[in-house]
Amino acid sequence: MPLPSFHMIDAAPQPVATFSHASEIDGWVFLTGQMPTWPGEPERALPDGVAAQTVRVMENLKIVLAGMGLGLENVAQARVYLTEFERDYAEMNQTYQSFFAEGKLPARTCVGVTGLAVGALVEIDMVAKRP
């Protein structure tokens, strides 16, 4: 069995801790949860509100996927973490869904958490599969 490979994507935001943007084994690509931070601007304030933060997170995930030669159409599964689940679920869900073609939604888990790095309201990680 091959060993996993680990990837850092130059165009993506710098990780907020010690991890790779993605790891890959046997055509499965595991994307680290992205925060609503800005590529190349680590000191820039986070977007206001869960919808704007969800957009930024999804754009960051698209950057990582593109760096791996993939797109959202390759995503098989996603996990969403919300710090204010009851308040933000509907708005996050509507924003998240807008990134996918109709009828092409990956499997997903969404959980409420007590806190996220950098004071974010939302974090999303994904699993993608190479064709």
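1. Let us start with Glu24, which counts as buried in this predicted model. Its relative accessibility is 14%, and that puts Glu24 in the buried class because the class takes in everything under 20%. Glu24 belongs to strand 2, the strand that covers residues 22-25.

2. What does the side chain of Glu24 meet in a salt bridge? The partner is Arg130, with 2.5 Å from N to O. Arg130, at 28% relative accessibility, is partly exposed, whereas Glu24 is buried.

3. How many salt bridges does a search of the whole structure find? The search gives 5, and the Arg130 and Glu24 pair is one of these contacts. Two more are worth a visit, and the next two points take them in turn.

4. Arg87 and Asp88 form a salt bridge whose closest N and O atoms are 2.8 Å apart. Have a look at how the two residues sit: Arg87 is exposed, with a relative accessible area of 53%, while Asp88 is buried, at 3%. Arg87 is called exposed because its 53% falls in the class over 50%.

5. Glu41 and Arg44 also bring their side chains together in a salt bridge, at 3.2 Å from N to O. Here both residues are partly exposed: Glu41 has a relative accessibility of 37%, and Arg44 has 41%. Keep Glu41 in mind, as this residue comes back in the next point.

6. Now for the open spaces. The largest pocket holds about 150 Å³ of space. Its lining is made of 13 residues, and those closest to the pocket centre are Gln14, Thr37, Trp38, Glu41 and Pro42. So which classes does the lining of the largest pocket divide into? There are 8 nonpolar, 3 polar and 2 charged residues.

7. Where is there enclosed space? The whole structure has 1 cavity of 30 Å³ or more, and about 80 Å³ of space lies in the largest cavity. Among the residues that line the largest cavity are Pro13, Gln14, Pro15, Val16, Phe19 and His21, and the lining also includes Thr32, Gly33, Gln34, Met35 and Thr37. By class, this lining has 5 nonpolar and 6 polar residues, with no charged ones.

8. Phe19 deserves a point of its own. This residue sits in the loop between strand 1 (5-7) and strand 2 (22-25). Is Phe19 buried or partly exposed? With a relative accessible area of 33%, Phe19 is partly exposed. Together with Val16 and Val118, Phe19 forms a nonpolar patch on the surface, and the three have about 230 Å² of accessible area together.

9. A last stop is Gln53, found in helix 1, which spans residues 49-67. Gln53 is buried, with a relative accessible area of 4%.

Conventions
Residues are numbered from 1 along each chain as its sequence is written. This is a predicted model: local features need pLDDT of at least 70, side-chain atom pairs count only at pLDDT 80 or more; totals for chains, interfaces and linings use all residues. Side-chain values use heavy atoms; hydrogens and water are left out. On a 1 Å grid over the protein atoms alone, a cavity is a set of points where a 1.4 Å probe fits but cannot get out, and a pocket is an open set with protein on both sides within 12 Å along at least five of seven lines; lining residues have an atom within 4 Å of a point. Grid points are joined across faces, edges and corners, and a volume is the space filled by probe spheres set on the points. Ala, Val, Leu, Ile, Met, Phe, Trp, Tyr, Cys and Pro count as nonpolar, Asp, Glu, Lys and Arg as charged, and the others, Gly among them, as polar. Patches are made of residues with over 30% relative accessible area and no salt bridge: like charges are joined within 9 Å, nonpolar side chains (Val, Leu, Ile, Met, Phe, Trp, Tyr) within 5 Å. Accessible areas come from the Shrake-Rupley method with a 1.4 Å probe; for residues, only the protein chains shown count as cover. A salt bridge is a side-chain nitrogen of Lys or Arg within 4 Å of a carboxyl oxygen of Asp or Glu. Helices (H or I, at least four residues) and strands (E, at least two) are DSSP runs, numbered from the N terminus. Buried means under 20% relative accessible area, exposed over 50%, partly exposed in between (1.4 Å probe, protein chains only).
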